[in-house]
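Subject: Structure handover

Hello,

Here is the structure I promised to pass on. Please open it next to this message; my notes follow.

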Amino acid sequence: MLSVRKNLVIKSKSYHKGFNTRISYDYIIKKIKNRFFLPQFLRTIKKFGISAFSGGNKVTLITDGDLFFDELFKTVDSARHSINLETYIFNSDDIGWKLAKKLAAKAKKDIEVNVIYDAIGCINTSALLFEYMKKMGVELIEYHPIVPWRKYFNLYVRDHRKLMVVDSKIAFIGGMNIGNEYAGKKYRGKNWRDTHIKIEGPVVKDIEYFFLENWHRHGGALVDISKYFPVIKPVGDTIVMALSSHSRRRIKPIYLTYLAAIANARNYIYITNAYFIPDMRIVKSLIHAAKKGVDVRILLPAISDIPFVQHASRYLYKRFLKNNVRIYEYKHAVLHAKTAVIDDIWATVGSSNLDRRSFTANLEVNAIILDQSFGEKMRKQFLKDIRNSEEIHLENYKRRPFIQYLKEWFCYRFRYLL
């Protein structure tokens, strides 16, 4: 375990100092055509101590559940050295058992397979699934199991990440858990609307570091560190930064990066978020952007798996609508994505919602992508999604039943119970 600790410390230093695959801000500005958004944004996040962009990456946008699981299963099948999976939910349904069997088969071939799953997220998962994987040689950590004698029964801080890294070369991060809800027709799923990305290139090291730090911190089995952090050659030309919700310097990288991006938007801000209860700093930033003439649009669920959050979110509609922020509710299926795109140049995909829990309590992981072509794909996907949505107008919103107003007021006032 000492070798793991030593290597993680070395990696942590390189992560913050900008060694190896890190690229200069001058290079970023020179490479990317949009010269108005970037300089001030980069200066702002540098003041926060956030500066670990990597070049030479390839990022694939995945907005279809069946395609996501096809890619996930194919990548697991191709593993030769290691598989590290961290997920909030690992259901014991068809999708869950299919992945569990694939992981077990790899573990039987002496490939290192490590899984972190959240105790609350997997509260309805059959223990047989985890017992089966453990028996077959998969190493497991149950993150923050329920413990009555600890503060708040150990319930408050959750591992909300959805990431997988295979052979230290390919990573997946986004909003999709392991379960039938996210699958489509091929896997007989519920076709929830969500977004994930597949990443290849140098930034995969950072994502794997987040996993291994969490693995080590919570007593994971000794890993063969020689399998990790290889030199990764560039496989594309996309600039990416991987961010965790927390850092050693007690800042909130995902939260602060959102604020910096919103503050420097010039043309548009398109946000898609499943559980949207932002603090007043973000609310005021979005309204300020709209008042400057920025096209600010927010896509939220019309159908939610957590109605309490949906009611709390709707309480903010009036404030936004009065200040030219446009709001849409996605009606086609449950919306679970956590993404944003700004000015065709800045995009984020990950597990973090725009709410207090994601920014202050949960473990989250997001990717920030600075790339014109990827930003255009994100914008086109957003515009496609709003065609399956209903725009909320202020006059109609004001005419909602009084009982609905009371629900919204109550849920927003007691949102800190979540």
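Between which two strands is the loop where D167 is found? That loop joins β5 (162-166) and β6 (170-174).

**Confidence**

This is a predicted model. Mean pLDDT for the protein chain is 90. Of its residues, 91% reach 70 or more. Residues 1-20 are another matter: pLDDT stays under 50 there. For that stretch the model has 26 contacts beyond four places in sequence.

Most residues other than glycine have a negative phi. D167 has a positive one, near 55°. R188 is not a glycine either, and its phi is positive at about 55°. R188 sits in the loop between β6 and β7.

Are these two residues buried or exposed? D167 is buried, at a relative accessible area of 12%. That value counts as buried because the cut-off is under 20%. R188 is exposed, at 64%. Here the cut-off is over 50%.

**Strand β1 and its partners**

Strand β1 covers residues 54-62. It pairs with β7 (residues 196-200) in the antiparallel sense, over 5 bridges. I62 has H196 as its bridge partner in β7. β1 is also joined to β8 (residues 238-244), again antiparallel, by 2 bridges. There, N57 is partnered by T238 of β8.

**Helix α15**

α15 runs over residues 402-413, 12 residues in total. From first C-alpha to last, α15 reaches 16 Å. That is close to the 16 Å expected at 1.5 Å a residue.

Which residues of α15 are buried? They are Q404, E408, C411 and Y412. These four lie on the same side of α15, because they cover an arc of only 100° around the axis.

What covers the buried residues of α15? The cover includes three helices: α9 (280-291), α10 (307-314) and α14 (394-398).

**To look at in the viewer**

- The stretch 1-20, where pLDDT stays under 50.
- D167, buried, with its positive phi.
- R188, exposed, also with a positive phi.
- The buried residues of α15, with α9, α10 and α14 among what covers them.

Best wishes

Notes:
Residues are numbered from 1 along each chain as its sequence is written. This is a predicted model: local features need pLDDT of at least 70, side-chain atom pairs count only at pLDDT 80 or more; totals for chains, interfaces and linings use all residues. Side-chain values use heavy atoms; hydrogens and water are left out. The expected span of a helix is 1.5 Å times one less than its number of residues. Buried means under 20% relative accessible area, exposed over 50%, partly exposed in between (1.4 Å probe, protein chains only). The arc is that of the directions from the helix axis to the C-beta atoms. Contact means heavy atoms within 4.5 Å. Two strands pair if DSSP finds at least two bridges between them. pLDDT is the predictor's confidence in each residue, from 0 to 100.
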